[in-house]
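Please read them with the structure open.

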Amino acid sequence: MTDEQHFLRTGRTVDAFEQAFRDNLAYARGATPQSASALDVHHTLALTVRDYLMERRRKTTAAHYAANPKFVYYLSAEYLMGRQLTQNLLYTDTWELAEEAAERNGLRLRDFIRLDHEPGLGNGGLGRLAACFLDSLATLDIPAVGYGIRYEYGIFEQSFHDGWQVEGPDTWLYYGNPWEYSQPDDMVQIGFGGRTEGYQDEAGRQRARWLPAETVMAEPHYMMVPGYGTETVNILRLWRARATREFDLQLFDKGDYEQAVEQKVSSENITKVLYPNDTTPQGKELRLRQQYFFVAASLHDIIRRFRLRNESWDHFPDKVVIQLNDTHPVIGIAELMRILVDREGLEWPAAWQITQRVFAYTCHTLMPEALEEWPVSLFEHLLPRHLEIIYTINAQLLREVQARFPGDAGRVARMSIIRESPERRVRMAHLAAAGSFSVNGVAALQSRLLTQFTLRDFAELYPEKFNNKTNGVTPRRFMRLANPRLSQLIDSKLGSGWLTDLERLRGLEAYVDDAEFRAAWREIKQQNKADLATLIRRRTGIEVDPNSLFDVMVKRLHEYKRQLLKALHIITLYQRIKADPAAPMSPRTFIFGAKAAPGYRMAKLIIKLINNVAAVVNNDPEVAGRLKVVFIPNFNVTSGERIYPAADISEQISMAGKEASGTGNMKFALNGALTVGTLDGANVEIRDLVGAENFFLCGLTTEQVMALKASGYNPLEYYSANPELKRAIDAIAAGVFSGGDRSLFQPIIASLLTRDEFLVLADYTDYVRVSEQAAAGYYTDPDAWTRMSILNAARCGFFSSDRAMRQYCAEIWRVEPVGVGRDA
């Protein structure tokens, strides 16, 4: 090896890797081997691996500049990226180099992997889906950039105190983020408030301009997003809020220290936390500020990138497609119109045609409250010019509706972007449907319901816009990294190509009757369960039996997801044991993980109930060895990577017609868990693919839910008709799980017995029956269970985010891959 090769920053030998590490430790971290702390080592390791990514990023940028392709710009309020170190070691093929270099120096790589902090950029499925999509776009060599917000404290770090959820700051940036590059020289000025005024331009045309009352600077930071098995490295560009004037020296000199930095504090609040509590007017305003801030900055950047190689606006839709991930970035439609009409001087029809050809919208919900609406008064105060533009878009839309459906005043009112009563509000989903060329749902059922109910009027006006793109997950993160033992077993039978062609998992069906393969499959599940039991003990202090059935429900806490139904099932099992302690019951461990939005009181009360039920059940000697209940705090991608591979049962029991898709259901199935679920979201497609005999179906269908509600659903009838259900609810009401306090859980009781919006009581009997059937199957015929487990994984290759992205690219975005040569 020559000296030049030895000191090459991205050499493929252990010597080169070790030398690059030592160089980064000294020249980037400013530390020495003698003084370096564990954090120094972790940070330097990250920088060393990052160098390998940057070499590929350089080649990617050159290839994209030369090709001048159409880019996908993905706008999302959330990105749940997961730990970066393990992913980037895998994607740069430096894991073994790093491991050997560490061993040479008496270190263990895994000790520093534990120090890698998961970026606090998301909350639930929306953010994890966005991260999977970016991963797949890079893997498929698609030119793409993700845009979002660089939240300083994420959503929150969850802990429990006396069973209650306690929110603390997620200090993921406390020690810095070695994976990012900051670019303060590319800051963008963003306006808020103020007024608009009319004027005549040089050609005598009447124009409008916005005169903001305040401005904030958007500072870009970017993280690299590598593809797997390719040279492509795309980027995720995140915006941090900075004040235009951070410090007033005159006020400081007068002793008014707080006022001297007031603008800095006020401006930077925009990017402090994900989803600030919007139960107050101030919280609502902050949310809208966040959304406009990152969208306006992103559009500025998109246009800057377009102009690197292009000039005419006529070519903009041929080079740019902007995907709106839910309603949070939809204000971008009005912002692009403002740029085109007010700043660039385009006439309205030309600007509107460009806008409609550029934006595509993904609707992730069927819940009316999740289809964002903003008070008109808030828009008038914060974004006055955008409100004027929205009024013009709306007038144009309603003329189109009236021409197509003459005399249908009800339809006109329903489709208006402005809701007139009880309070005038801007309907963001309507703006998205009007201003986008594509509107897609994320599972077959949800997409159908979207066109039949949620956005039916728009689907009738623009049927060509509506389509389905079922979600998917990346197997690199949720199989290869999360479940290395299972991945190695699959590799031994199918080779490694399945990681980029997940349908190859079908090949596992050939081994379903192979006793040796089934034994290996079972052993891996058992080892994964032992690992999870260790994590549970460390995080909660609770000992669980890895030999018991692991029944798992991890997802965002919302009433429609029905964690409450699972709690009632556990209470029922507990009461059965109490009524007959000698009755046989096979051991079961119930595992929860979920965060409740800080302002969602009922969700937080349900968490308290589950934790209280756990405290009673886990400390009752009569049930010892038969039931355990665990609520793992601060569920995130990192803990999910330990939980999904260890689950025996995946709980997917939302009320039919409410879940958009779900992606946890896919992660569980791909790791061999069997689903107990309703026909909701992607559960429908999972059941179709794996076979009804390999899926535990429960609950009402969407049509039955609608019929029951239409007929006048009375939850008291179900309460009175089922003695076990009545006993479970009565126990909660009597204070059995609240130390005798009958008032604590009264809001839950009242909700269940007077309203029960999500039909918990209606589905209780069937759910308990099916759950018991699943548990019996696990213990009575382990061989049959293992066959079902293998078939679930083998038949779920469809749920790859690579497949989803190929469909978006071909059917919505019309973009092509750009190859990046290794020697570019």
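**Notes on the predicted model**

1. Arginine 240 is partly exposed, with a relative accessible area of 23%. The coordinates come from a predicted model, and that applies to every point below. Arginine 240 makes a salt bridge to glutamate 219, and their closest N and O atoms are 3.2 Å apart. Arginine 240 belongs to strand 10 (residues 233-243) and glutamate 219 to strand 9, so this pair ties together parts that are 21 residues apart in sequence. Glutamate 219 has a relative accessible area of 4% and is buried, whereas arginine 240 is partly exposed.

2. Strand 9 (residues 214-226) also runs antiparallel to strand 6, and five bridges join the two. Within this pairing, glycine 191 is placed opposite threonine 215 of strand 9. Strand 6 (residues 188-192) is mostly covered, as four of its five residues are buried.

3. By the distance rule for oppositely charged side chains, the count of salt bridges is 70. In general terms, side chains of opposite charge can pair when their charged atoms come close.

4. Arginine 385 forms a salt bridge with glutamate 388, with 2.9 Å between the closest N and O atoms. Both residues lie in helix 16 (residues 384-404), three residues apart, which is about one turn of the helix. Are the two partners buried or partly exposed? Arginine 385 counts as buried at 10% relative accessibility, because the cut-off for buried is under 20%. Glutamate 388, at 29% relative accessibility, counts as partly exposed.

5. Glutamate 659 forms a salt bridge with lysine 561, and here the closest N and O atoms are 2.9 Å apart. Glutamate 659 sits in the loop between strand 21 (649-652) and helix 27 (664-670), and lysine 561 in the loop between strand 18 (549-554) and helix 24 (563-579), so the pair ties together parts that are 98 residues apart in sequence. Glutamate 659 and lysine 561 are both buried.

6. A network of salt bridges links Asp408, Arg411, Arg414, Arg456, Asp457 and Glu460.

7. What is the order of the strands in the open sheet formed by three strands? The order is 13-15-14, and the pairing is antiparallel. Strand 13 and strand 14 (418-419) are the edge strands, each of which pairs on one side only. Strand 14 pairs with strand 15 (residues 425-427) over two bridges in the antiparallel sense. Isoleucine 418 has valine 426, in strand 15, as its bridge partner.

8. Glutamate 373 is found in strand 13 (residues 373-375). The relative accessible area of glutamate 373 is 21%, which makes this residue partly exposed. The C-alpha atoms of glutamate 373 and threonine 327 are separated by 9.3 Å, while the two residues are 46 residues apart along the chain.

9. Which residues gather in a patch of negative charge on the surface? They are Glu96, Glu99, Glu100 and Glu103. Glutamate 96 has its place in helix 5 (residues 95-104). With a relative accessible area of 66%, glutamate 96 is exposed, because the cut-off for exposed is over 50%.

Technical notes
Residues numbered from 1 in each chain as written. Predicted model: local features only at pLDDT ≥ 70, side-chain atom pairs only at ≥ 80, totals over all residues. Heavy atoms only, no water. Patch = residues over 30% accessible without salt bridge, like charges linked within 9 Å, V, L, I, M, F, W, Y side chains within 5 Å. Areas by Shrake-Rupley, 256 points an atom, 1.4 Å probe, with all protein chains shown as cover. Salt bridge = Lys/Arg side-chain N within 4 Å of Asp/Glu carboxyl O. Lys, Arg positive; Asp, Glu negative; His and termini not counted. Charge placed at Lys NZ, Arg CZ, Asp CG, Glu CD. Buried < 20%, exposed > 50% of the residue type's maximum accessible area, 1.4 Å probe, protein only. Pairing = 2+ DSSP bridges.
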